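Me: I've got a model open and I'd like to learn how to read it. Can we go through a few features together?

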Amino acid sequence: MTRRAYSLLGGFLVCASACVGPGKPLLPTASDRYETCTQEAFVQARLRARQLLDARNEAAALPFLQQALAAGPDHVPTHQLYQETADKLGGESSTAMRAFYAALPDRPSSPVLPYCRARLAEDDHTRLALLRAALERDPSFYFGHLAVARVNRDLGRLDVAQQALEKALAARPRHLESNLEMAQVLVDLGRFGEAEPYFSNYVAARPEDRLAAKTYAQLLLYRVDRVRQAAPVLERLHQENREDPDVIMDLAAVAWRQDRFDAAIERYHEVLRLDPTGTRAALNLGNLYYELGKRAEGEARAAAWRKARKAYQFYVAANRGEGLHDTLDAMFAVPYRLAAVAADAGADDGAAPTPGQNF
């Protein structure tokens, strides 16, 4: 029951105030026992397990994870780590892990065991029943609310998922996975501005999550029109990996939106150097030159439109039709603009479109 996202500013008070306010019942604050355990036996066993996992010796780590759980039975991240490691290994390890949870004595005061069994359930009906049982024991059990949200999001029940996440964040505003899930649910609902602070909270605390940071930057850039806010996120990502074409494309978009056209053109050419079949970079170059041509007069206008034509020709030749937008652009938008260029700039010279030379 794990999920990866598809995220830098603001405090966690944003989420708390969004979840608990006038007219809303104040939910209980969660105990920190679900993520904190200072028992020496737990600390030592988990440390050893972590060392073995870092050394990619997953099988040897499993007994130490079991030892850690014996000393800290409410530590949910260790339960998650044990389950995911055993399932990754599969076979006897996965079978033994399931037998471990089937035989584990229940503690009616704790929601952790039904939650852990819900993570192993084969169907949503059983999973939700176990999660309800966990939350009856502790209505502030934010891991349970998050799990309920994920099940309902998978089922397309976005409003129910949002309600579950409101409860999770009311109990634990700083819970990062709940912040990320809330951001994703709000994006699914088309409420991009509301999603932004949750992405911000998550990325500020976990800047190493590159996928989330890229998604957050794209939300800022394309959905909520916060170009200046997106720029430093993208610059950091570019410093970490200078050959990530997605980031370079987004940096080009930042430059274009700021009317730094030469910088945008250079970025798009950078993408094409990394991937000579980079169709979207070629399309964007065509669109950029086309817009520059519309703004210019005389020879400057004709020169920009000639470059637009070559970029469009390159795009049409390389287009792999990978999505609806590509299909629509190739069938309608690009032919229309090529016709407009021909009417204004005259016939094509017949030379092959070459990035960095004639566009």
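This is a predicted model: local features need pLDDT of at least 70, side-chain atom pairs count only at pLDDT 80 or more; totals for chains, interfaces and linings use all residues.

Me: Where does Q80 sit?

Reply: Helices are DSSP runs of H or I with at least four residues, numbered from the N terminus. Q80 belongs to helix α4, residues 76–89.

Me: Is Q80 buried or exposed?

Reply: Buried means under 20% relative accessible area, exposed over 50%, partly exposed in between (1.4 Å probe, protein chains only). Q80 has 19% relative accessibility, so it counts as buried.

Me: And which residues does Q80 touch?

Reply: Contact means heavy atoms within 4.5 Å. Not counting residues up to four places away in sequence, Q80 touches Y115, R119 and F143.

Me: What about S94: buried or exposed?

Reply: S94, in helix α5 (residues 91–103), is buried because its relative accessibility is 12%. Leaving aside neighbours within four places in sequence, S94 contacts A86 and D87.

Me: Which residues lie nearest the centre of the second largest pocket?

Reply: A pocket is an open set of points on a 1 Å grid over the protein atoms alone, where a 1.4 Å probe fits, with protein on both sides within 12 Å along at least five of seven lines; lining residues have an atom within 4 Å of a point. Here D246, M249, R280, A281 and N284 lie nearest the centre, out of 24 lining residues. Helix α14 gives the most to that lining, with seven residues.

Notes: Residues are numbered from 1 along each chain as its sequence is written. Side-chain values use heavy atoms; hydrogens and water are left out. Helices (H or I, at least four residues) and strands (E, at least two) are DSSP runs, numbered from the N terminus.
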